[in-house]
Amino acid sequence: MAGLAALAGAATAAAAVECRDIRFEDVPYTICEVRPAESRLRLFLRDAQGRPFGHFAAVEAEHGPLAFAMNAGMYHHDRRPVGLYRERGEDKAPLVLGPGPGNFGMVPNGVLCLGPDRARVIESETFARSRPDCTEATQSGPMLLIEGTIHPRFLPDSESRHVRNGVGTSEDGTRAVFAISRVPVTFWDFARLFRDGLGLPDALYFDGRVSRLHAPALGRSDFGRAMGPIVGVLAAEAGER
């Protein structure tokens, strides 16, 4: 376990975006680690005509090649974000607080906050109180970890297993790790990946039915049901901050 955490924290100096396959407690995952001070993390929802991108290829058709991308938050049938969505400093959907239906409403949920050189996962009520400076932000839920504590509703003996994806960030915001399981896993196991396998204190769940990864360095670009918000790094902006 300690060896995996050390490996996850040791991105090579040459790779501002590093994607790799790992195993944690004999379960396979794929992770992409981004250093926001060196590579600009961006959110994508709609194209220049106002149409939802839906797929990684559509983002690339308008913006150029992606070094990495992943679905980044839950959405309605028309692909409108369920919670807060901020892009290029402008709010496109409001912050949603309090419990509600589905995984999003399994509070506490949270926000991925992207600043000029930091990325932080922040619990939604804390986000509302502190109003952090985020150039871009996407809300999802539930939180997987809050300051190293696993979500109180996750059960070690749960039998609910899905392919899951999400993001974890370091306390200082200089490290963001995006992860997707390669087999169905429980919430409990997925949260422990971020805490015990990757050494991160805060982590946010993105989805389980729609979990997609674009990692050209691994020869991978998942296709399937159209997505809502997408987070990614353009190849032209990887290591160019």
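**Before you start**

The model is predicted: local features need pLDDT of at least 70, side-chain atom pairs count only at pLDDT 80 or more, and totals for chains, interfaces and linings use all residues. Residues are numbered from 1 along each chain as its sequence is written, and side-chain values use heavy atoms, with hydrogens and water left out.

**Stop 1**

Strands here are DSSP runs of E with at least two residues, helices are runs of H or I with at least four residues, and both are numbered from the N terminus. Two strands pair if DSSP finds at least two bridges between them.

Now select residues 27-34 and 176-181. Strand β2 and strand β13 pair in the antiparallel sense over six bridges. Ile31 stands opposite Ala179 in β13.

**Stop 1: the five-strand sheet**

Select residues 42-44 and 220-221. In this open sheet the order is β3-β17-β4-β15-β16, and the pairing is antiparallel. Your selection holds its edge strands, β3 and β16, each pairing on one side only.

Strands β4 and β17 run antiparallel and are joined by five bridges. Leu66 stands opposite Leu234 in β17.

**Stop 2: strand β7**

Select residues 110-114. Is this strand, β7, buried or exposed? Five of its five residues are buried, so β7 is largely enclosed by the rest of the structure. Buried means under 20% relative accessible area, exposed means over 50%, and partly exposed is in between (1.4 Å probe, protein chains only). Gly110, Leu112 and Leu114 cover one side of β7, Val111 and Cys113 lie on the other, and all are buried.

β7 and β8 run antiparallel, joined by five bridges, and a hairpin of four residues connects the two. Leu114 stands opposite Ala119 in β8. Strand β9 (residues 136-140) also runs antiparallel to β7, with five bridges. Leu112 stands opposite Thr138 in β9.

**Stop 3: the nonpolar cores**

Show the side chains of Leu41, Phe68, Met70, Leu112, Phe178, Phe206 and Val231. The largest nonpolar core has 28 residues, and these seven touch the most other members. A nonpolar core is a set of buried Ala, Val, Leu, Ile, Met, Phe, Trp, Tyr and Cys residues joined through side-chain atoms within 4.5 Å. A second, separate core has 23 residues, including Tyr29, Val177, Leu193 and Tyr205.

Centre on Phe178. Leaving aside neighbours within four places in sequence, its contacts include Thr30, Ile31, Cys32, Gly166 and Val167. Contact means heavy atoms within 4.5 Å.

**Stop 5**

Select residues 187-197. This is α4, mostly covered, with eight of its 11 residues buried. Among the buried ones are Phe187, Phe190, Leu193 and Phe194.

Move on to Gly199, in the loop between α4 and β14 (202-207). Gly199 is partly exposed, with a relative accessible area of 47%. Its phi is positive, near 70°. Leaving aside neighbours within four places in sequence, Gly199 is in contact with Arg175 and Phe194. Gly168 is 31 residues away along the chain, and its C-alpha atom is separated from that of Gly199 by 9.2 Å.

**Stop 4: the pockets**

Select Met74, Gly102, Asn103, Phe104 and Asp207. Of the 23 residues that line the largest pocket, these lie nearest its centre. A pocket, on a 1 Å grid over the protein atoms alone, is an open set of points where a 1.4 Å probe fits, with protein on both sides within 12 Å along at least five of seven lines; lining residues have an atom within 4 Å of a point. About 580 Å³ of space lies in it.

Finish with Val121, Ile122, Glu123, Glu147 and Asp202. They lie nearest the centre of the second largest pocket, which is lined by 13 residues. The largest share of that lining, four residues, comes from β8. Its volume is about 220 Å³, a volume being the space filled by probe spheres set on the points, which are joined across faces, edges and corners.
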